[in-house]
Amino acid sequence: MAKLVICDHPLIQHKLTYIRDVKTTTKDFRELVDEVAMLMAYEITRDLPLETITVDTPVITTETKVIAGRPLGLIPILRAGLGMVDGVLKLVPRAKIGHVGLFRDPETLMPVEYYVKLPTDAEERELIVIDPMLATGGSAIAAIDVLKKRNCTQIKLMCLIAAPEGVKAVQEVHPDVDIYLAALDDHLNDHGYIVPGLGDAGDRLFGTK
């Protein structure tokens with residue numbers, strides 16, 4: 001079974017409180033999500049491989065470490081996932097970005113793919129699927145399916161908050177995908193919203209209803 005990591009750093013938990021607050025404005029919500037994504041990126045990149053190179057310091061020539069291989073690929077699920085991308089890019093500015101667009105079929109309630117654009121070398125990169133909310137898990141599972149169908153094998157999932165139901169669903173279908181969260185909430189309500197949650201992340205990021 002892959003890892004489930006709760007990023008419980010005090011700064012993340014502090015900022016998440018204001019992200020949850022219904023009184024937080026769109027501007028502040030957007031900035032806080034950006035900041036938490038950057039802080040989470042520090043944890044999600046902890047296991048990136050390193051290689052040794054030689055550099056000249058002002059004092060001596062020495063061996064030191066740099067990240068090995070190709071930069072990360074960031075795969076936000078449209079549209080709410082876009083709100084977390086810039087925060088990750090602040091730490092990994094050379095990352096390439098792909099997009100996966102999904103909508104929910106009103107009859108089957110299943111996610112339907114409507115847009116996919118990935119880096120040309122996506123299968124050679126470690127990819128981070130990004131979505132603020134992991135509720136039922138349907139969208140995350142579908143996005144990971146999209147990547148695996150295109151021969152991508154190094155995949156992680158990054159969300160602000162999740163319901164236990166969503167985590168379980170993803171782990172059952174994709175047991176090889178590590179999941180990184182800022183918080184694991186209590187449950188889903190009858191309308192499929194995470195409780196206590198933060199409402200609709202896309203609407204709060206973009207000022208829509």
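Predicted model: local features only at pLDDT ≥ 70, side-chain atom pairs only at ≥ 80, totals over all residues.

Trainee: Is R70 buried, exposed or partly exposed?
Mentor: The relative accessible area of R70 is 45%. Since buried means under 20% and exposed means over 50%, with partly exposed in between, R70 is partly exposed.

Trainee: Which residues does R70 touch, not counting residues up to four places away in sequence?
Mentor: We set aside the residues up to four places away in sequence and look at what R70 touches beyond them. The residues that remain are D121, E124 and R125.

Trainee: Is D34 buried or exposed?
Mentor: D34 has its place in helix α2, which spans residues 26-44. Its relative accessible area is 15%, and because the cut-off for buried is under 20%, D34 is buried.

Trainee: Which residues is D34 in contact with, leaving aside its neighbours within four places in sequence?
Mentor: Neighbours within four places in sequence are left aside here. The contacts of D34 are then G83, D86, G87 and K90.

Trainee: How many aromatic pairs does a search of the whole structure find, and which residues form a pair?
Mentor: The search of the whole structure finds 1 aromatic pair. It is tilted, with 6.3 Å centre to centre and 40 degrees between the planes, and is formed by F103 and Y114.

Terms used. Residues numbered from 1 in each chain as written. Heavy atoms only, no water. Buried < 20%, exposed > 50% of the residue type's maximum accessible area, 1.4 Å probe, protein only. Contact = heavy atoms within 4.5 Å. Helix = DSSP H or I, 4+ residues; strand = E, 2+ residues; numbered from the N terminus. Phe/Tyr/Trp six-rings, centres within 6.5 Å; stacked < 30°, edge-to-face > 60°.
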